[in-house]
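Hi everyone, thanks for making the time this morning. I'd like to walk you through one structure, so let me put it up on the screen.

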Amino acid sequence: MTVMNDTAYTLSGTTTLDFAEAVARVRNALRDEGFGVLTEIDVQATLEEKLGEEMPPYLILGACNPPYAHRALGMEPELGALLPCNVVVYVQPDGTTRVSGADPVAMLGLVGRVELEPIADEIQEKVERALQTVWEA
């Protein structure tokens, strides 16, 4: 397992789990932290279908924790433009699987409302804890 937050907007790590197992573990870990997966985008299949382009497996999962979403949207209705919290799982050229989630602190920081900071911190703890279980597998 390698944890790298090499962007200012993701919580990222690499695992030796194969793609299917990593996706299953991400789903379970998110569920255990109170998130549901609202959307799923199979980027590999979409690019193959629409462009005839091949690429390694790449999946975007749109996760939402309803109580936190409700609280945050009550404070800032426009925040919906940043939801759901995306988690990506993809195969890297070396065959390892990368798992990255949007950093809630960075995302909610775009809004510039101090009262959202505690919510962002709580969500970040949950997302990082969920992803850590996959990175460490």
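Let's begin in strand β6, with Ser-100. This is a predicted model, so please keep that in mind as we go. Is Ser-100 buried or exposed? Ser-100 counts as buried, because its relative accessibility is 7% and the cut-off for buried is under 20%. The side chain of Ser-100 makes a polar contact of 2.9 Å with the side chain of Ser-12. Beyond residues up to four places away in sequence, Ser-100 touches Thr-10, Leu-11, Ser-12, Asn-86, Val-87, Val-88 and Leu-131.

Keep Ser-100 in view, and let's turn to the pockets. The largest pocket holds about 170 Å³ of space. Fourteen is the number to remember for the lining: of those 14 residues, Tyr-9, Thr-10, Tyr-58, Val-88 and our Ser-100 are the closest to the centre. Strands β2 (10-15), β5 (85-91) and β6 (97-102) are the elements that each give two or more residues to that lining.

How many cavities of 30 Å³ or more does a search of the whole structure find? The search finds 1. About 180 Å³ of space lies in the largest cavity. Its lining is made of 18 residues, and nearest the centre are Leu-82, Leu-83, Cys-85, Leu-108 and Ile-123. At least two lining residues come from each of β4, α3, β5 and α4 (104-109). Which classes make up this lining? There are 16 nonpolar residues, 2 polar and no charged ones.

One of those cavity residues, Leu-83, has something else to show us. The peptide bond from Leu-83 to Pro-84 is cis, with omega near -5°. In general, most peptide bonds are trans. Pro-84 itself is found in the loop between α3 (66-75) and β5.

On to the core. The largest nonpolar core has 28 residues, and those with the most contacts inside it are Val-26, Leu-30, Val-99, Ile-119, Ile-123 and Leu-131. Two or more residues come from each of α1 (19-32), β4 (58-64), α3, β5 and α5 (117-135). Which element gives the most to this core? That would be α5, with 8 residues. As a general point, nonpolar side chains in soluble globular proteins tend to be buried together.

Setting aside neighbours within four places in sequence, Leu-131 is in contact with Leu-11, Val-87, Val-99, Ser-100 and Gly-101. So we are back at Ser-100, which is buried at 7% relative accessibility.

Let me take you over to strand β2, where Thr-15 lies. Thr-15 is buried because its relative accessible area is 2%, below the 20% cut-off. The side chain of Thr-15 reaches the backbone nitrogen of Leu-17 at 3.2 Å. Apart from neighbours within four places in sequence, the contacts of Thr-15 are Ala-22, Thr-96, Thr-97, Val-134, Trp-135 and Ala-137.

Next, helix α2. What caps the N-terminal end of α2 (residues 43-51)? Asp-42 does, with a side-chain oxygen 3.2 Å from the backbone nitrogen of Gln-44. Asp-42 also has its backbone oxygen 2.9 Å from a polar atom of the side chain of Thr-46. Thr-46 lies in helix α2 and is partly exposed, with a relative accessible area of 35%. Between Thr-46 and Thr-7 there are 25 Å in space, C-alpha to C-alpha, and the two are 39 residues apart in sequence. Just after α2, Gly-52 takes a positive phi of about 70°. In general, most residues other than glycine have a negative phi.

My last stop is Pro-57, in the loop between α2 and β4. Pro-57 is partly exposed, at 24% relative accessible area. Not counting residues up to four places away in sequence, Pro-57 touches Phe-19, Gln-44, Val-89, Tyr-90 and Val-91. Finally, Pro-57 and Gly-112 are 55 residues apart in sequence and 35 Å apart in space, C-alpha to C-alpha.

That's my tour, and I'm happy to go back to any part of it.

Terms used:
Residues numbered from 1 in each chain as written. Predicted model: local features only at pLDDT ≥ 70, side-chain atom pairs only at ≥ 80, totals over all residues. Heavy atoms only, no water. 1 Å grid on protein atoms, 1.4 Å probe; cavity = no way out; pocket = protein on both sides within 12 Å on 5 of 7 lines; lining within 4 Å. Points joined across faces, edges and corners; volume = space filled by probe spheres on them. Helix = DSSP H or I, 4+ residues; strand = E, 2+ residues; numbered from the N terminus. Buried < 20%, exposed > 50% of the residue type's maximum accessible area, 1.4 Å probe, protein only. Polar contact = N/O pair within 3.5 Å; in protein donor to acceptor, adjacent residues only side chain to side chain. Contact = heavy atoms within 4.5 Å. Core = buried A, V, L, I, M, F, W, Y, C linked by side-chain atoms within 4.5 Å. Nonpolar A, V, L, I, M, F, W, Y, C, P; charged D, E, K, R; others polar.
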